[in-house]
Amino acid sequence: MAEIDHKQRMLAGLPYQANGGCLPAERDACARLLHEYNALPPERWDERDALIRKILGKAGDDIEVRPPFYCDYGANIQVGDEFYANFNLTVLDVAQVSFGNHCFVGPNVQVLAAGHPMHAEPRRAGWEWGLPVTVEDDVWIGGGAIILPGVHIGRGAVIGAGSVVTRDVPECVLAVGNPCRVVRPITDDERLLYRKGCAFPER
């Protein structure tokens with residue numbers, strides 16, 4: 001009987017065991033890079049760009065990920081151009097996690113592509129599963145938000161701070177709450193405002 005390829009099953013969205021095959025070694029390799037990245041003193045911050053590109057599977061131009069940053073594998077994370085993540089971003093990338101261009105991620109955000117069985121017996125046996133998470137261009141995710149497995153967030157959406165996103169979010173809307181729900185569309189007039197009722201200064 002052929003040995004189960006747990007990495008292949010993980011990336012295919014099938015049940016797998018996290019301690020199977022090459023997966024522990026790959027997490028350990030990522031953990032070493034993360035330790036180096038998160039421990040860099042300020043006078044060596046010019047080294048961060050090269051290090052984060054070793055960690056991530058794909059990284060666009062002009063990106064910044066403020067340490068500390070945590071993930072499982074790193075290789076399953078893709079970020080586009082002008083990506084910014086504030087302190088303490090956690091990504092459980094057991095499936096593909098993709099961010100588009102010009103995305104902003106607030107502090108303490110969790111992107112959790114990983115899931116576990118509801119019943120205790122298969123959990124004790126070590127089974128888990130994952131589904132891809134996709135964040136399109138120009139999305140802003142407020143501080144403390146949690147994005148759950150399989151979620152797709154549309155272009156230009158804003159996710160309110162502390163939201164728990166359990167389902168897809170359409171483009172160009174404000175969505176907040178637990179569970180996260182669409183509150184309203186983002187209007188074209190809002191390009192002139194930095195917050196409600198407050199306009200940018202005239203140039």
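Is K7 buried, exposed or partly exposed? K7 is partly exposed, at a relative accessible area of 29%, where buried means under 20%, exposed over 50% and partly exposed in between (1.4 Å probe, protein chains only). This is a predicted model, in which local features need pLDDT of at least 70 and side-chain atom pairs count only at pLDDT 80 or more, while totals for chains, interfaces and linings use all residues. Residues are numbered from 1 along each chain as its sequence is written, and side-chain values use heavy atoms, with hydrogens and water left out.

Salt bridges come next. The structure has 7 of them, each being a side-chain nitrogen of Lys or Arg within 4 Å of a carboxyl oxygen of Asp or Glu. K7 pairs up with E26, with 3.0 Å between the closest N and O atoms. That pair ties together distant parts of the chain, 19 residues apart: K7 sits in helix α1 (residues 6-11) and E26 in helix α2 (residues 23-39); helices here are DSSP runs of H or I with at least four residues, and strands are runs of E with at least two. E26 is partly exposed too, at 28%.

R44 and E47 form another salt bridge, with their closest N and O atoms 2.9 Å apart. R184 and E190 also meet in one (2.9 Å, N to O). R48, E64 and R66, meanwhile, are linked in a network of salt bridges.

On the surface, D61, D62, D81 and E82 gather in a patch of negative charge; patch residues have over 30% relative accessible area and no salt bridge, with like charges joined within 9 Å. E82 lies in the loop between β5 (77-79) and β6 (84-85), and counts as partly exposed because its relative accessibility is 41%.

How values were computed: Patch = residues over 30% accessible without salt bridge, like charges linked within 9 Å, V, L, I, M, F, W, Y side chains within 5 Å. Areas by Shrake-Rupley, 256 points an atom, 1.4 Å probe, with all protein chains shown as cover. Lys, Arg positive; Asp, Glu negative; His and termini not counted. Charge placed at Lys NZ, Arg CZ, Asp CG, Glu CD.
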